[in-house]
Amino acid sequence: MTTTLDPETLAILVCPLTRSKLTLDGDILIAQQPEGAGLRYPIREGIPILLIDEAILPEGITSLEAFKEKYADSIAS
């Protein structure tokens, strides 16, 4: 399923952990930083779920804590 979001809404959404821009890919929002390893956030019934605990981790990362440790320089303070 492909979700559509208003372009103005998409322009203001950011990853709650890294504060990087999000791009839409189907029904997933993908954080653009860190490069190639962004967290992915689901969209359910047209509503972006921007909760860190709901984020889909990049391949090879086994936990949110492991992500935070590996990409500590990319996490907003």
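The chain exposes about 5100 Å², of which carbon and sulfur atoms supply 50%; accessible areas come from the Shrake-Rupley method with a 1.4 Å probe, and for residues only the protein chains shown count as cover. The model is predicted, so that local features need pLDDT of at least 70 and side-chain atom pairs count only at pLDDT 80 or more, while totals for chains, interfaces and linings use all residues. Residues are numbered from 1 along each chain as its sequence is written, and side-chain values use heavy atoms, with hydrogens and water left out.

Two helices and four strands make up the secondary structure of the chain (DSSP runs numbered from the N terminus: helices are H or I of at least four residues, strands E of at least two). Along the sequence the pattern is α-β-β-β-β-α. The radius of gyration of the chain, 12 Å, is close to the 11 Å that the globule rule gives for 77 residues, so the chain is as compact as a globular protein of that length; the radius is taken over C-alpha atoms, and the rule is 2.2 Å times the number of residues to the power 0.38. Along the principal axes, the C-alpha atoms fill a box of roughly 35 × 20 × 20 Å. Of the 77 residues, 32% are buried (under 20% relative accessible area; exposed is over 50%, partly exposed in between; 1.4 Å probe, protein chains only).

The four strands form an open sheet in the order β1-β2-β3-β4, with antiparallel pairing; two strands pair if DSSP finds at least two bridges between them. Because β1 and β4 (47–48) stand at the edges with a single partner strand each, one side of each is left without a neighbour in the sheet. Four bridges join β1 to β2 (residues 28–31), and Asp25 stands opposite Ile28 in β2. The hairpin of these strands has two residues between them, and Gly26 takes a positive phi near 70° there. Two bridges join β3 (residues 40–44) to β4, where Pro48 is the bridge partner of Ile43.

Ser20 lies in the loop between α1 (7–12) and β1 (22–25) and is buried, with a relative accessible area of 7%. Its side chain makes a polar contact of 2.9 Å with that of Thr18 (a pair of N or O atoms within 3.5 Å; within protein, one must be able to donate a hydrogen and the other to accept it, and residues adjacent in sequence count only if both atoms are side-chain atoms). A polar atom of the Ser20 side chain also lies 3.5 Å from the backbone nitrogen of Gln32.
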